[in-house]
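Reader: Please take a close look at one part of this model, the surroundings of the ligand. Then set that part in the context of the chain.

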Amino acid sequence: MSEILQIEGVFAGYGGGDILRGMDLRLEQGTITCIVGPNGAGKSTVMRVVSGVLHPRRGEVRFMGQRIDQMTPKQILQSGIVQVPQNRSLFPAMTVEENVRLGGYTLQDRALVEQRLAEVGEQFPIVRERAKDKAGSLSGGQQKLVEFARGLMLDPKLVLLDEPSMGLEPRILDQVFGTMIEMCKAGRTILLVEQNARQGLESSDRGVVMESGRVLLDGPAKAVLSDERIGDLYLGGHVH
Ligand SMILES: Nc1ncnc2c1ncn2[C@@H]1O[C@H](COP(=O)(O)OP(=O)(O)OP(=O)(O)O)[C@@H](O)[C@H]1O
Ligand SMILES: [Mg+2]
């Protein structure tokens, strides 16, 4: 096993003080790590620091041995990190295929774009079946899968998924998390943030509990799931 991402002693915020206060996290290549924690703990802020939207005030972020904490989001994207954001992010008036193609807009090689489009169409049948439909006509769960597909156009090594279950019907969640596991089996490393702590952790290798901008608990996902402290943090003793 080798480490693909290292976050060390990161302090970062939005101008009104630090949100991350000494954040440490190391990701093993080819694994799924799930971050859970209360609203405002800084989970999405970790994602923003890794994707380069936010530069840390202190500390380091290294990806495949290289410092990335001062890189631009575009450089980070090109180095192999893709983020699927917390909110719906497809352009509803554009077709499914047009949206997926946007994920490959930085690729210069047109043949490669077509090849990748075919590959994601294999992995995500909805991309082929609904190619010419407006993205806005798809259900929330279908849109999330199309967002995953769009993210894979650059063949990323690390995929950041910020609350993929948000706002989705429970019956589609197995498919969303199942797809995430398939992406991991295909060799990608996944950093997941989930409010849906139980299902997120059950689908992951490792669990990280964040509170007030740092890591409170870190270990095998099953151990974190059965740790009584996480139940206390969420729903007065029960993880839902
Ligand atoms: N763009 C921003 N400008 C100013 N403050 C922000 C910004 N984004 C987030 N914050 C603040 O930073 C804190 C942490 O936000 P963050 O989005 O990282 O939390 P989170 O753990 O992802 O929470 P949630 O579970 O609600 O998604 C919050 O108090 C939030 O109000
Ligand atoms: Mg968030």
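Author: This is a predicted model. Start with the shell. Ligand 1 is surrounded by Tyr14, Ile19, Gly37, Asn39, Gly40, Ala41, Gly42, Lys43, Ser44, Thr45 and Gln195. Of these residues, 3 are nonpolar, 7 are polar and 1 is charged. Helix α1, residues 43–51, gives the largest share of the shell, with 3 residues.

Gln195 belongs to the surroundings of ligand 1. Gln195 is also in contact with Met166. Gln86 is in contact with Met166 too, again leaving aside neighbours within four places in sequence. Where does Met166 sit? Its place is the loop between β7 (158–162) and α7 (170–185). Asn196 is 30 residues from Met166 in sequence. In space, the two C-alpha atoms are 8.3 Å apart.

Next, the chain as a whole. Its contacts with a separation of 6 or more are 66% between residues 24 or more positions apart. The chain has 10 helices and 10 strands. Its radius of gyration is 17 Å, close to the 18 Å that the globule rule gives for 240 residues, so the chain is as compact as a globular protein of that length. The C-alpha trace spans about 45 × 40 × 40 Å along its principal axes. Buried residues make up 42% of the 240.

How values were computed. Residues are numbered from 1 along each chain as its sequence is written. Chains are lettered from A and ligands numbered from 1 in the order in which they are written. This is a predicted model: local features need pLDDT of at least 70, side-chain atom pairs count only at pLDDT 80 or more; totals for chains, interfaces and linings use all residues. Helices (H or I, at least four residues) and strands (E, at least two) are DSSP runs, numbered from the N terminus. The radius of gyration is taken over C-alpha atoms; the globule rule is 2.2 Å times the number of residues to the power 0.38. A residue is buried if 20 or more other C-beta atoms lie within 10 Å of its own, exposed if 12 or fewer, and partly exposed in between; C-beta atoms are placed from the backbone. Two residues are in contact if their C-beta atoms, placed from the backbone, lie within 7 Å. A residue is near a molecule or strand if its C-beta atom, placed from the backbone, lies within 6 Å of it. Ala, Val, Leu, Ile, Met, Phe, Trp, Tyr, Cys and Pro count as nonpolar, Asp, Glu, Lys and Arg as charged, and the others, Gly among them, as polar.
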